[in-house]
Amino acid sequence: MRVAERTAHDAGAPAGVPVEPALRTVTRARKRRGVNREGLEAGRRSTRTLLWILLAAAMVLYGFPFLYLLFTSFKTPIDTIAVPPTILPREWTLENYTNALGRNGVLASFLNSIQTAIISTVLSLVLAVPAAYGITRYQTLSGRVFIMAALVTRMVPPVAIGIPLASMMAAVGLSDTPIALSLAHTTISLPLSIWLMASFFEAVPKDLEEAATVDGCSRLGALWRVVIPVVSGGIAVTAIFAFLASWNEFLFALLMTAIRSQTTPVVIANFQTQFGLDWGSMTALAAVYSIPVILLTLLLQRKIVAGMTLGAVKG
């Protein structure tokens, strides 16, 4: 009896209530709590299952075009133009890769693409980091106007400035050079780079810089020694976007290059035969062209995750 009383008392039963009714009340309360807990767990499991289904559907929709391109690159020339088309090759072959990589100018176009993307990315970061830092730290009206102007320029269609840029580069003797194309690509990636870096700098507390200045660092020294290491993940994210903007760009490369500085997207578009487009070679070269970006993303994966979570509340 005493054990029952202690059990009822420990379970929260009021004093003076008979033991057996109190125990029945406690038992029912525990059952309700168990049912509620099981309901919550079931709801969480169903929500988690739904999220996994949506994620799988998104991955299929996003990854299917690339998988279809990859499978097409292993098809025979007859299979690439078959009607109705097939997803998997009827006969697997590497003929498309040998034809694509064996063409004149393909290797040179790869080198031009790499050179142009690296120069454009470096220029974007060198200009975007101090610009974004000054905008976020000084909080002036001109800085806000400048960043809004950068956003407006990002909205301008590239075709609206492509021809004037090509004429300007030809006038200064930079036509058909990687430098001209890199400068043109910087006009695309720089506004986005400034916006990204501004958001990353805003997530860094000013107390870190104040502590650095107390220790004897100048404003530039605090930026280089304290702030930049903190936002290194954000710099990696910005570099990826700037690199992709140059790596995948087609219009400026078409307008501003002829032979010496042609990038791979232009070369891929020129894969034609007397019977039409050479889909097999085009898809093979496109698949090879995707490898550097995939490797770069995998190498910078940790930095990218750190940059995306910069400023998040951690518990």
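Predicted model: local features only at pLDDT ≥ 70, side-chain atom pairs only at ≥ 80, totals over all residues.
Tutor: The expected span of a helix is 1.5 Å times one less than its number of residues. Helices here are DSSP runs (H or I, at least four residues), numbered from the N terminus.

Student: How does α5 do on span?

Tutor: Helix α5 covers residues 106–138. Its 33 residues should span 48 Å, and its end C-alpha atoms are 48 Å apart, so the two agree.

Student: Which residue follows α5?

Tutor: Gln-139 does. Its phi is positive, near 50°.

Student: New topic. How many aromatic pairs are there?

Tutor: A search of the whole structure finds 8 (ring centres within 6.5 Å; Trp by its six-membered ring). One of them joins Phe-74 and Trp-92. Their centres lie 5.6 Å apart, with 50° between the planes.

Student: Where do Phe-74 and Trp-92 sit?

Tutor: Phe-74 is in the loop between α2 (19–72) and α3 (77–80). Trp-92 is in the loop between α3 and α4 (95–101). They are 18 residues apart, and the pair links distant parts of the chain.

Student: Why is the pair of Tyr-133 and Phe-201 edge-to-face?

Tutor: Because their planes stand at 75°, with centres 5.6 Å apart.

Student: Which helices hold Tyr-133 and Phe-201?

Tutor: Tyr-133 is in α5, and Phe-201 is in α8 (residues 178–202). These two are 68 residues apart.

Conventions. Residues numbered from 1 in each chain as written. Heavy atoms only, no water. Phe/Tyr/Trp six-rings, centres within 6.5 Å; stacked < 30°, edge-to-face > 60°.
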